[in-house]
Amino acid sequence: MLALRHAQGLGARRAKRLLEHYGTALAAAEAGLESAEAWPRGKLVPRPVAAAFAAGRWRPKARAEWDALRRRPVSLLYWGQDLYPDLLREIPDPPLLLYYQGDISLLHGPAVAVVGARDCTREGIAVAAFFARDLSNAGVTVISGMARGIDRAAHLAGLEGPGSSVAVLGTGIDVLYPRCNADVYRELGGRGLLLSEFAPGVQASGAHFPIRNRLISGLSRGVLVVEAAGRSGSLITARLALEQDRDVFAVPGHTMAAVSEGCRELIRRGAKAVFRADDILLELAPLLSHEAAQSLRQRSEQQRSGRQARRRAEDPFTEALENALSVLPEGGLPWIAQPEKAPRRASARSSSAASAQAPSSGAGGRGGRLQGGAQAAQSSDALSASSGKGREAARVPLSADESRVLAFLSAERRHMDALSRALDMDVGVLSALLATMEVRGLVRQLPGMFYALPEES
């Protein structure tokens, strides 16, 4: 693996071609060393690249990384292992090696990426947390890049629920960057997952982050962009997601807000505009539900066979996930009616064929996988019913702002504008707060942007 990793001119795409042809890195490397014509003969690699490999020019860098790993043991995940995520194998340029710290099983459950601007607004932070928290509470892992701003908010909110969170780093697994996220780094290493394709000790570099972004989208079923300017790293992640045949979602933001211009451009190009986590969950429901069931079965088998690294009492994630999934048979997620046959996209080609047969969402959704007719109604009913159970089960103390909102709604229903004036609160911030309160069952939205207490009609 290290020989291929450090071969001049090889790259992840060509390395994948070799692995698929020869089956293992060892077989590919032996063939390349035995003859400089082996790789070109199969039209796998250009002749100059094969010649450089046969000459052993990769040896100094590969030896240096090998020696560093022997001095400082770390957890490794590589192409040939069963634990290597299937979704990542599908992308055109998967990494040969991944370093990790934390719960590696998070890579095998349902996942959605939440990304956005580093220099974001307070509303953007609230919206990112709102989406990430609800996704995680539904058993979906939140993936992001541990940058400042939106990424940080997404990780912290994702860690609150059973779905937890995964950070894909643009540095070595042992390098803290940025330093302002030291608390997030510690929490993810303990209760979530830190992941990097860069060797331990590799420092931050501007060139690393676009490389890192392909893994954020590659590990996810869909990518949500919360805030992004016209030119943004988040848009790179969205573009990569489209190339990898992933769904792209965007929060429209305020019409005049420059920080959301990138999101609006994504929507104009076909990304699906979303306003709450339910929009994402219903769009990706069959795929996420299938992966959640697979993840739960894998965890159960590991526990029964005694391969679990930690005891159950020390693994709150597993217990929380099992509790969340126990409300439906066959490991179905509480927010979706279990489909008769949960489809899984084995490749971009097969998924494209499925998309061509699926009804169009009519709302700018790229994948066109929204359910139609009775099936959609069934899923919506299941979602509503399970949401009510969740609200009853999880009583969270009211914040000061939530208490003020409830005080104004105790007498009569109120329009959002009236609430904004009475509370002296920005409409955008209030909108995010009300959306969170609605998910928790504290308020209900009525036609015309009116809000009332749950028991009012």
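**Grounds for the assignments**

Modeller: In this predicted model, helix H12 (residues 233-243) lies across strand S3 (111-115), strand S7 (222-225) and strand S8 (247-250). Helix H12 runs at about 155° to S7.

Colleague: To which sheet do these strands belong, and what is its strand order?

Modeller: The sheet is open and has nine strands, in the order S1-S2-S6-S5-S4-S3-S7-S8-S9. Its pairing is mixed.

Colleague: What makes strand S1 (75-78) and strand S9 (272-273) edge strands?

Modeller: Each of the two has a single partner strand, so one side of each is left without a neighbour in the sheet.

Colleague: On what grounds are strand S2 (residues 97-102) and strand S6 (residues 193-196) called a pair, and in which sense do they run?

Modeller: S2 and S6 have four bridges, so they qualify as a pair, in the antiparallel sense. Tyr 100 has Leu 195 in S6 as its bridge partner, and Gly 102 stands opposite Leu 193 in S6. In general, strands of a sheet pair through backbone hydrogen bonds, either parallel or antiparallel.

Colleague: Which residues of H2 are called buried, and why are they said to lie on one side of the helix?

Modeller: The term applies under 20% relative accessible area. In H2 the buried residues are Ala 15, Lys 16, Leu 18 and Leu 19. They cover an arc of only 165° around the axis, which puts them on the same side of H2. These buried residues pack against helix H1 (2-5), helix H3 (25-34), helix H4 (38-41) and helix H7 (86-90).

Colleague: What backbone feature comes just after H2?

Modeller: Gly 23 takes a positive phi of about 95° there.

Colleague: How much of the protein chain as a whole counts as buried?

Modeller: Of its 457 residues, 51% count as buried. The secondary structure of the chain comes to 20 helices and twelve strands.

Methods: Residues are numbered from 1 along each chain as its sequence is written. This is a predicted model: local features need pLDDT of at least 70, side-chain atom pairs count only at pLDDT 80 or more; totals for chains, interfaces and linings use all residues. Side-chain values use heavy atoms; hydrogens and water are left out. Buried means under 20% relative accessible area, exposed over 50%, partly exposed in between (1.4 Å probe, protein chains only). The arc is that of the directions from the helix axis to the C-beta atoms. Contact means heavy atoms within 4.5 Å. Axes are lines fitted to C-alpha atoms, for helices over the stretch in contact, and angles run from 0 to 180 degrees between N-to-C directions.
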